[in-house]
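Hi,

Here is the structure I said I would pass on. Have a look at it first, and then read my notes on chain B below.

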Amino acid sequence: MSDTHTTVAAARKDPGEPGPLRTFLKLLRADKPATCAAIFLGLVILCALFGPMLLEAVSSKQNLRGRNAVPFLFGQDWTMWLGGDQLGRPLLARIIVAASNTMAIATGAVAASLLIGSSLGLVAGYSRGRLGQMIPRLADVIMSFPSLLLAVIVLYMLEPSVGNIVLVLAITRIPVYLRTTRAEVLEIRERMFVQAAIVMGASTPRIIFRHILPVILPTLVTIATLDFAFVMLAESSLSFLGIGIQPPEVTWGLMVAQGRPYLTSAWWLSFWPGLAIILTTLSLNLLSNWMRIALDPTQRWRLETGGKKNG
Amino acid sequence: MADPLLEVRNLSVTFDTARGPVHAVKHVSWAVNRGDVLAILGESGSGKSVSSSAVLDLIDMPPGRIDSGEILFEGRNILEMSAAERRGLNGKRIAMIFQDPLSHLNPVYRVGWQIEETMAIHGTARAEAKAETLRLLAKVGIPDPQAAAEKYPHQFSGGQRQRLMIAMALALKPDVLIADEPTTALDVTVQAQILGLLEELQKETGMALVIITHDLGVVAEIAHRVVVMSKGEIVEAGTAAEVYRNPQHPYTKRLIGAAPGKGEIHPDELDTPPILALQNVSKQYGAFTALHGISYELREGETLAIVGESGSGKSTTARLLLRLEEASGGRALYQGRDLFAMSPKELHGLRRDIQMVFQDPTQSLNPRMTVFQLVSEGWAIHPGIVEKSRWKARVAELLREVGLSEEHMHRHPHQFSGGQRQRIAIARALALEPRIIVCDEAVSALDVQVQAQVIELLDRLKAAHGLSYIFIAHDLPVVRDFADRVIVMQGGRIVEQGGVRQIFDAPREEYTRNLLAASLDPDPEIQARRRAERLERQKLAGEAA
């Protein structure tokens, strides 16, 4: 069986060896949902980058005659197609502008906790000394605080700005990465190929970064994308408590929170930003699922053969 | 002639995979009668286990499906039976034992309870089941059945666990016992005991025994008839002696030709100066002593085999030598310097001189690196061996040398077969231009034919590169063809050492003799003779005691 497998893979790879970007795109195209997800995320990123620049003024212009304006009135200006909020501000424009803060907070918090958490986890997992004992305790301490309580305390003392919210959210999410990384490192450290590297004379950084990290990276990326959704929602609950982003700054979470009193009369106030959150996290999950397969040489054939039989 | 007890007729099984259907077995037919011992012999991937899995309804469907054929048990086609009827047969009339008993015993229940459970499922009263369990445990040779029934699986050794599995399988006095590689994970002496037990029980109960194995020795030891499988098809069938003496199919001929222990023995011990000397090396794990101060020398250009059963400390010596673990005492002198006392910095320089090839190449090659990255990694760690501009050319050269081709460079390990992977591991070791290579069970995980090829490769490379090998193995026949000198270890001590001819032809120690007697010869006639001798010795020992 493995023989046929070898020849199949070889036949596909050898002609011309296309560049890494080309192969990357080809693999992405093989997974339709992931392609849609990538396009949607590209759109969100564009909104986040250019939205505030272009639509800042429109999005904050009050229009009391258009309070809670009904969506789908296509006769109006395009920014009002999704309706207006409680102050008559166009929802579509606000969602586009809010993408910027939302993405900044979520990306910042996830990236920071991923970086800090997994570095600490690598050290904790690989060192057999005291450090390996101490670091997991640090995670235990953080975990023993309810994360929202921690956020309330910190944000009570600090100014509730984007930077500080990122800081708070990052701290509360560090243990997730730390524990996962440590557990994986403890297992992979004992694998034969790590021992083979030691026999070869590889240095500790080389073993960690060349041999251990690539094996655990897919797990971390998967957790990070799931966490992305969690962080967006956590940020909205902070906003809901009034210690998150302060108006007139706006995020999707804040928009959901602000629409809550009107849910019975004007559902669209919370619905559209909520939909944005859902679609973004869904896209991230689809993309991470694709990435896990595309990055794993033993799984990649699933995409190369073009079939979606893996279920 | 009456209908056979169990007959597989024209069975074809296909598995649907993402890469298209795989025909696991094609038109396979075999039959066993009461009192018969049938061996299904094949290498990995030959489909030797599939037909028996079909008998016990163990094939996952989908992705598997049975395309054609029937399985007759006492004349009835069990493939047409209802699930409930088949459950009634499984365990009660047809039982199975597996290769790895630890994973088939539930770790959270006492073993006595687990054996009772098999009987209780099929309607035996608990009290009766309990008494029967104790009787069974005594029958399969577990000492002190009363106490043993109260223990958990992890408290038994590998051989004892296999005995427990046999007890469980025999609980309901099945008519057919299917044993899937029952002794592959066991030491040779234990293997001989378990096969002896199976044979004895089979004679006593008159059940039919189907043994699935890759080992010609097992066939020779126990089987009356043998079915040889290759690539999902039966290529040859007949009595064990007939097939061995007069194989018809080229595949069978190759298989028998590749059996180790038949080739030229290396003539004499080399008389070259020692390259490595271990002096009084010991290792303790807490209160347990794994090595009791052993000393030996490796001479330049020789192949030194270290053989022993599991727990003999043979792998520990290798791990200490490569500083994967720290020794508790003793010295290892290489070029006049003590390897154990070196600082990490000094050691780094010497690493490239002593390389290792591990048992399982699937695990020792990083699955995320390409062959090129794997082989060239050592040059990044030890600059100065090969210039970076020449890496590609040199990797291609090494791959050709170990019998692969340079197109393989950009593939990942999972795209190769087991034997090819071990070749990659050897190329990786060679890349550092070492003087000593430690092979820790380097061919144990491979099929017989591949084993022979890899050993031939190692032998050729030794001459070409002036290497010395420390070859750790549990398999004596492999060592016989390949080694210059042999060290026999037991319980962390060296029992005997000497030239390969002396160890095999005139062993001095009782332990070595037992080890040799327990290893199975592929020739049924020789094996029958050995068995007779063994029984004789046992009888003598019994009379003496």
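This is a predicted model: local features need pLDDT of at least 70, side-chain atom pairs count only at pLDDT 80 or more; totals for chains, interfaces and linings use all residues.

The residues being covered are Val188(B), Val190(B), Gln191(B), Ala192(B), Ile194(B), Leu195(B) and Leu198(B), which are buried in H8(B).

I also checked the length of that helix. H8 of chain B runs over residues 188–205, and at 1.5 Å a residue its 18 residues should span 26 Å; the end C-alpha atoms are 26 Å apart, so the two agree. Just after H8(B) comes Gly206(B), with a positive phi of about 70°.

Next, strand E9. Residues 225–230 of chain B form this strand, and 5 of the 6 are buried, so the rest of the structure largely encloses it. E9(B) has pairing to report with two strands. With strand E3 (residues 37–41) of chain B it runs parallel, joined by 4 bridges, and there Ala39(B) sits opposite Val226(B). With strand E10 (residues 233–239) of chain B the pairing is antiparallel, over 6 bridges; here Val227(B) has Ala237(B) as its bridge partner. E9(B) and E10(B) make a hairpin with 2 residues between the strands, and Lys231(B) takes a positive phi near 50° in it.

There is an open sheet worth a look too. Its 4 strands come in the order E2-E1-E4-E5 (chain B), with antiparallel pairing. Strand E2 (20–32) and strand E5 (76–77) of chain B are the edges, each pairing on one side only. Inside the sheet, strand E1 (residues 6–17) and strand E4 (residues 64–73) of chain B are linked by 8 bridges in the antiparallel sense, and Leu6(B) stands opposite Phe73(B) of E4(B).

Finally, the whole chain. Chain B has 22 helices and 20 strands. For 545 residues a compact globule would have a radius of gyration near 24 Å, and chain B comes out at 25 Å, which agrees. Along the principal axes, its C-alpha atoms fill a box of roughly 70 × 60 × 45 Å. Of the 545 residues in chain B, 45% are buried. As for contacts in chain B between residues at least 6 apart in sequence, 69% join residues at least 24 apart.

Over to you, and cheers!

Technical notes:
Residues are numbered from 1 along each chain as its sequence is written. Chains are lettered from A and ligands numbered from 1 in the order in which they are written. The expected span of a helix is 1.5 Å times one less than its number of residues. A residue is buried if 20 or more other C-beta atoms lie within 10 Å of its own, exposed if 12 or fewer, and partly exposed in between; C-beta atoms are placed from the backbone. The radius of gyration is taken over C-alpha atoms; the globule rule is 2.2 Å times the number of residues to the power 0.38. Two residues are in contact if their C-beta atoms, placed from the backbone, lie within 7 Å. Two strands pair if DSSP finds at least two bridges between them.
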